[in-house]
Amino acid sequence: MGEDIGQTAFTPDDYAAFRDRLRRETNTLKRWFDERRFDHDPGHMIGLEIEAWLVDRDCLPSPQAEEFIATANDERIVPELSKFNFEMNADPRTLDGDCLDGLQQDIDRLWDRCARAGATLNLKPLTTGMLPTVRDEMLQPAWMADANRYKALNAALLAARESEPLHIKISGHDTLDYRCDHIMLEASCTSLQAHLKVNQDEAVRMYNASVIASAPLVAASANSPFLYGNSLWAETRIPAFEQSTKVHSFPDRAGRDVLRVTLGTGYLRHSLLELFLENLSYPVLLPMLREDDGELPHVRLQNGTIWRWNRPIIGFDGDQNPHLRVEQRVMPSGPTVTDMIANLALYYGLALALGQRADAPEKTIPFEDARANFYACAKHGLDATVRWEGHSFDIRTLLLEELLPAAKAALAGSGLNADSLDHYFDSILRERISTGQTGADWQRSYYSNNGRNFQALTERYVELQASGDPVHQWPI
């Protein structure tokens, strides 16, 4: 959730000063777009973040992230919102050649480091979209990480709601309906976040492609069916994250209140700048004033408190040269490293395939269809029906017959190793989608066959995750 801040309480003058600096820096950013100041690269750099859990011998969340991170002693392993979550970051690499195999090796080594650090504390690291054993009494402010940023965010969100409790209502196989006065439900939502560096002249197409790809991505990767003992959506993380940070802001074209966690208000038309201009319409949550170091700190802080499912990023290299990235946030964490690398391959392939297609898909797939597809796939996973270029498809057929081949071909065209693409697309993704056994499906099947024992379910999940076998091969 970004770097920490130096204070937790702010005055009206702080908010006014922050808004003034935010507007000035947004004007600077507009000039950079006009001057085409952003780094240009003939290829694409990629990166990733993986959010994970720490569980004890009973597979319950264990609030020992601080000790765990100190024991792991790797700057790529960092804290998250709760005391039982952590995040892993991979070093950026170029999207070509054997990059997928390289990513797998990097994350395997990092995960081994996490497992060894956990073992010294009698803990196990776990990647999943939502932990089946987590209970409401564990998602309380007392379990929030000791960082000013999170405390200030919690206070600011509730203040923006004028202390009105958050209303969480999610209807799936069961219905969850409850209220809370803190943001800790967000800590139950652990994600795989993909970063794609883009050039300014392709940024609009790549961003729109990421929005359109959100539906098939979430269907193919769903891994979050249970929350508080309720069987909800295939990817319950989607509504849970949206509702746990809900603050009234401004209406979209359809009159809906635009949330801070959102698929957006429409496709981009001319520039990624449109999203940073839209950021000015959101209430400021963290008015932390910074010295202007040339890297637009107030623009970036405001952007960092708006968790679009596809988020624009302004980054800088060591010489303060700016670049543009798209951060794709719809995929859950887990089940295995191999599954996650396959999911990343699907995202990067779809972004290139849709973003570089001669006929832009945003001209034939209305934004409202892309939005409806996204929520249908989050709710129903691979059983969803979507509207695609004027026709209805079941998402599984669309993935197998059109999207997987297109994504694989796009990556091959970018010079990725053919054997690597065969492995991740044919042996992992195609098999998972053909069998229908995503992480969500495996969890529901285990529940159906073995009864309502979420501890046993999670113990078996941990055991199979440690095997490294992709989820479509997991026995029930």
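The legends below describe close-up views of strand pairing and salt bridges in a predicted model. Local features are given where pLDDT is at least 70 and side-chain atom pairs where it is 80 or more, while totals for chains, interfaces and linings use all residues. Residues are numbered from 1 along each chain as its sequence is written, and side-chain values use heavy atoms, with hydrogens and water left out.

**View 1. Strand β1 and its burial.** Strand β1 spans residues 45–55, strands being DSSP runs of E with at least two residues and helices runs of H or I with at least four, both numbered from the N terminus. Ten of the eleven residues of β1 are buried (buried means under 20% relative accessible area, exposed over 50% and partly exposed in between, with a 1.4 Å probe and protein chains only).

**View 2. Strands that pair with β1.** Strands count as paired if DSSP finds at least two bridges between them. With β3 (residues 85–94), β1 pairs in the antiparallel sense over eight bridges, and Met45 stands opposite Thr94 of β3. The antiparallel pairing of β1 with β7 (residues 191–198) runs over five bridges, with Leu192 of β7 as the bridge partner of Ile50. Three bridges join β1 to the antiparallel strand β4 (residues 124–126), where Lys124 stands opposite Val55.

View 3. Side chains of opposite charge can pair when their charged atoms come close. Asp20 forms a salt bridge with Arg24, their closest N and O atoms being 3.3 Å apart (a salt bridge is a side-chain nitrogen of Lys or Arg within 4 Å of a carboxyl oxygen of Asp or Glu). Both residues lie in helix α1 (residues 12–35), four residues apart, which is about one turn of the helix. Asp20 is partly exposed, at 34% relative accessible area.

**View 4. The salt bridge of Glu35 and Arg37.** The side chains of Glu35 and Arg37 meet in a salt bridge with an N to O distance of 3.6 Å. Glu35 is partly exposed at 44% relative accessibility, and Arg37 is likewise partly exposed, at 39%.

View 5. Lys408 and Asp422 form a salt bridge in which the closest N and O atoms are 2.8 Å apart. Lys408 belongs to helix α11 (residues 395–413) and Asp422 to helix α12 (residues 418–435), so the pair ties together parts that are 14 residues apart in sequence. Lys408 is partly exposed, with a relative accessible area of 21%, and Asp422 is partly exposed at 33%.

**View 6. A salt-bridge network.** Asp74, Arg76, Asp91 and Arg113 are linked in a network of salt bridges, and the structure holds 28 salt bridges.
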